[in-house]
Amino acid sequence: MRNMEITPIILENQSVINEFLMKHWYSTDMVVCGEKIDMTKSDGLAVFSHGEITALLTYRIKPDHTCEIISLDSLIENRGTATKLLQKVFDIARTYSCKTVTVMTTNDNLKAIGFYQKRGFDMTRLHYNSVEKSRKIKPEIPLIGDYGIPLRHELEFEYVLKI
(Lines give C-alpha, C1' and ligand atoms only; values in the text may rest on other atoms or scores of the structure.)
Protein backbone atom coordinates (compact mmCIF):
# COMPACT_ATOMS: atom_id res chain seq x y z
CA MET A 1 0.00 0.00 0.00
CA ARG A 2 2.87 2.35 -0.74
CA ASN A 3 0.79 4.63 -2.93
CA MET A 4 -2.40 4.49 -0.92
CA GLU A 5 -4.87 7.24 -1.60
CA ILE A 6 -6.64 8.61 1.43
CA THR A 7 -10.03 10.02 0.48
CA PRO A 8 -12.27 12.09 2.74
CA ILE A 9 -15.87 11.03 3.25
CA ILE A 10 -17.92 13.07 0.82
CA LEU A 11 -21.49 12.89 -0.46
CA GLU A 12 -20.40 10.85 -3.50
CA ASN A 13 -18.91 8.02 -1.41
CA GLN A 14 -21.27 8.18 1.59
CA SER A 15 -23.41 5.20 0.53
CA VAL A 16 -20.32 2.96 0.18
CA ILE A 17 -19.08 4.21 3.57
CA ASN A 18 -22.48 3.44 5.13
CA GLU A 19 -22.41 -0.11 3.70
CA PHE A 20 -18.94 -0.62 5.15
CA LEU A 21 -20.09 0.62 8.56
CA MET A 22 -23.11 -1.70 8.50
CA LYS A 23 -20.92 -4.67 7.62
CA HIS A 24 -18.27 -4.00 10.27
CA TRP A 25 -20.27 -2.35 13.06
CA TYR A 26 -23.75 -3.87 12.41
CA SER A 27 -25.14 -0.33 12.34
CA THR A 28 -24.26 3.18 11.28
CA ASP A 29 -24.62 4.18 14.93
CA MET A 30 -21.75 3.99 17.38
CA VAL A 31 -22.34 4.21 21.10
CA VAL A 32 -19.49 5.64 23.16
CA CYS A 33 -19.96 5.85 26.93
CA GLY A 34 -23.72 5.84 26.51
CA GLU A 35 -23.74 8.51 23.78
CA LYS A 36 -25.23 7.49 20.44
CA ILE A 37 -23.24 8.85 17.49
CA ASP A 38 -24.63 8.78 13.97
CA MET A 39 -21.55 7.87 11.93
CA THR A 40 -23.30 8.89 8.69
CA LYS A 41 -22.79 12.44 9.93
CA SER A 42 -19.18 11.92 11.05
CA ASP A 43 -16.21 13.21 9.15
CA GLY A 44 -13.82 10.56 8.02
CA LEU A 45 -11.08 9.23 5.82
CA ALA A 46 -11.19 6.13 3.66
CA VAL A 47 -8.65 4.09 1.74
CA PHE A 48 -9.97 2.38 -1.37
CA SER A 49 -8.44 -0.46 -3.39
CA HIS A 50 -10.11 -1.57 -6.63
CA GLY A 51 -13.25 0.32 -5.62
CA GLU A 52 -13.50 -1.39 -2.22
CA ILE A 53 -12.79 0.20 1.15
CA THR A 54 -9.71 -1.33 2.79
CA ALA A 55 -9.56 1.12 5.72
CA LEU A 56 -11.82 3.71 7.31
CA LEU A 57 -11.37 6.22 10.11
CA THR A 58 -14.27 8.35 11.34
CA TYR A 59 -13.85 11.30 13.69
CA ARG A 60 -15.42 14.45 15.01
CA ILE A 61 -14.04 17.75 16.20
CA LYS A 62 -15.59 18.60 19.55
CA PRO A 63 -16.33 22.15 20.80
CA ASP A 64 -13.43 21.91 23.30
CA HIS A 65 -11.01 21.51 20.34
CA THR A 66 -10.53 17.81 20.91
CA CYS A 67 -10.50 15.51 17.92
CA GLU A 68 -12.28 12.27 18.80
CA ILE A 69 -11.74 9.18 16.69
CA ILE A 70 -15.08 7.37 16.51
CA SER A 71 -13.98 4.30 14.53
CA LEU A 72 -10.88 2.90 12.87
CA ASP A 73 -10.94 -0.22 10.73
CA SER A 74 -8.14 -1.56 8.57
CA LEU A 75 -8.88 -4.74 6.67
CA ILE A 76 -5.27 -5.28 5.60
CA GLU A 77 -3.05 -5.31 8.67
CA ASN A 78 0.66 -4.63 9.08
CA ARG A 79 0.96 -2.43 6.00
CA GLY A 80 0.90 0.95 7.75
CA THR A 81 -2.54 1.92 6.49
CA ALA A 82 -4.10 2.62 9.90
CA THR A 83 -0.99 4.52 10.97
CA LYS A 84 -1.20 6.70 7.83
CA LEU A 85 -4.87 7.40 8.61
CA LEU A 86 -3.87 8.43 12.14
CA GLN A 87 -1.18 10.77 10.81
CA LYS A 88 -3.71 12.35 8.45
CA VAL A 89 -6.26 12.87 11.22
CA PHE A 90 -3.50 14.43 13.39
CA ASP A 91 -2.90 16.93 10.57
CA ILE A 92 -6.62 17.65 10.29
CA ALA A 93 -6.90 18.09 14.07
CA ARG A 94 -4.07 20.63 14.02
CA THR A 95 -5.93 22.69 11.40
CA TYR A 96 -8.81 22.93 13.90
CA SER A 97 -6.39 24.00 16.68
CA CYS A 98 -6.96 20.75 18.55
CA LYS A 99 -4.48 19.98 21.31
CA THR A 100 -5.39 16.32 21.66
CA VAL A 101 -6.81 13.37 19.77
CA THR A 102 -8.82 10.88 21.81
CA VAL A 103 -10.14 7.43 21.09
CA MET A 104 -12.21 4.93 23.04
CA THR A 105 -11.99 1.17 22.77
CA THR A 106 -13.40 -1.73 24.74
CA ASN A 107 -11.56 -3.88 27.24
CA ASP A 108 -11.54 -6.89 24.88
CA ASN A 109 -9.90 -5.10 21.96
CA LEU A 110 -6.32 -6.09 22.73
CA LYS A 111 -5.11 -5.27 19.21
CA ALA A 112 -6.44 -1.71 19.43
CA ILE A 113 -5.06 -1.23 22.94
CA GLY A 114 -1.59 -2.21 21.72
CA PHE A 115 -1.93 -0.31 18.43
CA TYR A 116 -2.75 3.02 20.07
CA GLN A 117 -0.11 2.72 22.78
CA LYS A 118 2.59 1.87 20.22
CA ARG A 119 1.69 5.08 18.38
CA GLY A 120 2.03 7.37 21.37
CA PHE A 121 -1.46 7.35 22.85
CA ASP A 122 -1.69 7.22 26.63
CA MET A 123 -4.51 5.45 28.49
CA THR A 124 -6.22 8.22 30.44
CA ARG A 125 -9.49 6.75 31.73
CA LEU A 126 -11.28 3.52 32.47
CA HIS A 127 -15.04 3.84 32.06
CA TYR A 128 -16.04 1.00 34.35
CA ASN A 129 -19.06 -1.05 33.21
CA SER A 130 -19.93 1.60 30.60
CA VAL A 131 -20.68 -1.02 27.94
CA GLU A 132 -23.76 -2.07 29.93
CA LYS A 133 -25.16 1.44 29.50
CA SER A 134 -24.22 1.46 25.81
CA ARG A 135 -25.84 -1.94 25.26
CA LYS A 136 -29.20 -0.48 26.35
CA ILE A 137 -28.93 1.96 23.44
CA LYS A 138 -27.38 -0.49 20.95
CA PRO A 139 -28.45 -4.04 21.84
CA GLU A 140 -26.25 -5.47 19.03
CA ILE A 141 -23.20 -5.02 21.29
CA PRO A 142 -22.27 -8.59 22.23
CA LEU A 143 -21.75 -9.82 25.79
CA ILE A 144 -18.51 -11.58 24.86
CA GLY A 145 -15.89 -9.84 22.76
CA ASP A 146 -12.58 -10.73 21.16
CA TYR A 147 -10.59 -13.62 22.64
CA GLY A 148 -13.65 -14.71 24.68
CA ILE A 149 -13.26 -11.68 26.98
CA PRO A 150 -16.48 -10.38 28.57
CA LEU A 151 -17.25 -6.98 27.04
CA ARG A 152 -17.74 -4.57 29.97
CA HIS A 153 -15.56 -1.47 29.99
CA GLU A 154 -14.38 1.30 27.71
CA LEU A 155 -10.81 2.52 27.80
CA GLU A 156 -10.00 6.08 26.78
CA PHE A 157 -6.71 6.95 25.11
CA GLU A 158 -5.28 10.38 24.38
CA TYR A 159 -2.58 11.63 22.04
CA VAL A 160 -1.14 15.09 22.71
CA LEU A 161 -0.50 16.84 19.41
CA LYS A 162 2.83 18.48 18.84
CA ILE A 163 2.53 21.77 17.04
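This is a predicted model: local features need pLDDT of at least 70, side-chain atom pairs count only at pLDDT 80 or more; totals for chains, interfaces and linings use all residues.
The radius of gyration of the protein chain, taken over C-alpha atoms, is 15 Å, which agrees with the value near 15 Å that a compact globule of 163 residues would have; the rule behind that expectation is 2.2 Å times the number of residues to the power 0.38. Residues are numbered from 1 along each chain as its sequence is written, and side-chain values use heavy atoms, with hydrogens and water left out.

Taken along the principal axes, the box filled by the C-alpha atoms is roughly 40 × 35 × 30 Å. The chain holds 4 helices and 9 strands, where helices (H or I, at least four residues) and strands (E, at least two) are DSSP runs numbered from the N terminus, and their order along the sequence is β-α-β-β-β-β-β-α-β-α-β-α-β.

If we count contacts, meaning heavy atoms within 4.5 Å, then among those with a separation of 6 or more, 66% join residues 24 or more positions apart. Of the 163 residues, 45% count as buried, that is, under 20% relative accessible area with a 1.4 Å probe and protein chains only.

S27 sits in the loop between helix 1 (14-25) and strand 2 (29-32), and it counts as buried because its relative accessibility is 10%. What does the side chain of S27 reach at 2.8 Å? It reaches the backbone nitrogen of D29, a polar contact in the sense of a pair of N or O atoms within 3.5 Å, one able to donate a hydrogen and the other to accept it, with residues adjacent in sequence counting only if both atoms are side-chain atoms. Leaving aside neighbours within four places in sequence, S27 is in contact with L21, M22, M39, K138 and E140.

The second residue is R135, placed in helix 4 (residues 130-137), and R135 is likewise buried, with a relative accessible area of 10%.

Conventions
Buried means under 20% relative accessible area, exposed over 50%, partly exposed in between (1.4 Å probe, protein chains only).
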